[in-house]
Amino acid sequence: MSAPLRLNLALQGGGAHGAFTWGALDRLLEEPDIEIAAITGTSAGALNGAALKSGYLRGGNAGARENLDWLWTEVAGLEDMALPAWMNSWMPQPAQVSQALEFSPLYLWGDAVSRMLSPYGWGALYQNPLRRIVEQFDYDKVCDTHGPELFICATQVRQGKVRVFSGDTISTDAILASACLPTLFQAVELTDPQTGTREAFWDGGYTGNPALFPLFEAHLPEDVVIININPLERDKLPVTPQEIQNRINEISFNSSLLRELRNIEFVQRLIKDGTIQEGAMKNMRVHMIADDALMNDLSVATKSIAVPSIIAQLKEAGRRAAGTFLAQHKSDLGQRQTADLSEMFS
């Protein structure tokens, strides 16, 4: 029996668009010869990573897929997210739903309120809607030293620095902090894993979406598969207030990832040129699973509101994208990089 293909996963945040990551993971977990060594995740990526790990330790790949299914049925607020295949052709296209939602009076009112009223203005009425879901994770398994190593990224508000929670520092509050958009949620206060002091935290996307540096440890494999849900490019110039704000958020949340990818590409060039010796620094091999065309059709509205039909379609899109990646590049895993970082930064 051949050795498994060991790889790391990097899971971006992006609200309800994280259902795309659900689909991609669901497809990857169908491959019995792929072993997930480590997961780094932010926001929705943190939720997906925690669900995958705890489910895996309970029942292997099948348990991981089952737990991811549970997570997204909870997010969608439905009893069952399994839709018959024949319904796909009857569902509105994601772009149509996104546009209708984005310009609906109720959404526009809620968006305006979120810009004028601080989350602290709700007083005793405030609650984080994700808490009831995140509290249900099995933290004995999420924090276990067995199975994939899990890294959760959040932003420390006072210093504006990335913080990574791992092992027994992962908790309900750590995952909520990773998904804490400051315009929607009150900052989450918990113990800083680096300083040991009590600190306030916001969404990890501002400083690491997700952070890749935890994967540089020598014992982890060189291959990292990034499941990207924030489009790197948009051909259309944003002109409406909603489009402008959405693109600002995408650029902000991609900037930390692009910075780390640029560092990886720089190390690759130094090794290739012989400036530094092979083995002196971790020579990562980067792979990406994405569907930028689909994400260009969506907006911030479908990130913040979990529309069941969109979530179901995002899952199927993630499965397709991962299936295409496997068909084209599975043989490259452990051998060569498939993301063209040189082209990305040219």
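This is a predicted model: local features need pLDDT of at least 70, side-chain atom pairs count only at pLDDT 80 or more; totals for chains, interfaces and linings use all residues.

**Helix H8**

I started with helix H8, residues 241-273: at 1.5 Å a residue its 33 residues should span 48 Å, and the end C-alpha atoms sit 46 Å apart, which agrees. The expected span here is 1.5 Å times one less than the number of residues. Helices are DSSP runs of H or I of at least four residues, strands are runs of E of at least two, and both are numbered from the N terminus.

Residues are numbered from 1 along each chain as its sequence is written, and side-chain values use heavy atoms, with hydrogens and water left out.

Next I looked for a bend and found a kink of about 35° in H8, centred on Ser255. (The bend at a residue is the angle between axes fitted to the seven residues ending there and the seven starting there.)

Then I checked what sits at either end of H8. Thr240 caps the N-terminal end, with a side-chain oxygen 3.0 Å from the backbone nitrogen of Glu243. After H8 comes Gly274, with a positive phi near 80°.

**Cysteines**

I counted disulfides, taken as pairs of cysteine sulfur atoms within 2.5 Å, and got zero. I also looked up burial (buried is under 20% relative accessible area, exposed over 50%, partly exposed in between; 1.4 Å probe, protein chains only). Cys143 has a relative accessible area of 18%, so I logged it as buried. Cys180 is buried too, at 0%.

**Salt bridges**

How many salt bridges are there? I got 23, using a side-chain nitrogen of Lys or Arg within 4 Å of a carboxyl oxygen of Asp or Glu.

Asp138 and Lys141 pair up at 3.3 Å, N to O. Asp138 counts as partly exposed because its relative accessibility is 30%, and Lys141 counts as partly exposed at 24%.

Asp223 and Arg285 form another salt bridge, 2.8 Å from N to O. Asp223 lies in strand S7 (residues 223-227) and Arg285 in strand S8 (residues 285-289), so this pair ties together parts 62 residues apart in sequence. I have both Asp223 and Arg285 down as buried.

I then followed shared partners: salt bridges join Asp26, Arg27, Glu30, Glu31, Asp33, Arg65, Arg319 and Lys330 into one network. From that list I picked out Arg27 and Glu31, whose side chains meet at 2.7 Å, N to O. Arg27 and Glu31 are both buried.

Methods:
A polar contact is a pair of N or O atoms within 3.5 Å; within protein, one must be able to donate a hydrogen and the other to accept it, and residues adjacent in sequence count only if both atoms are side-chain atoms.
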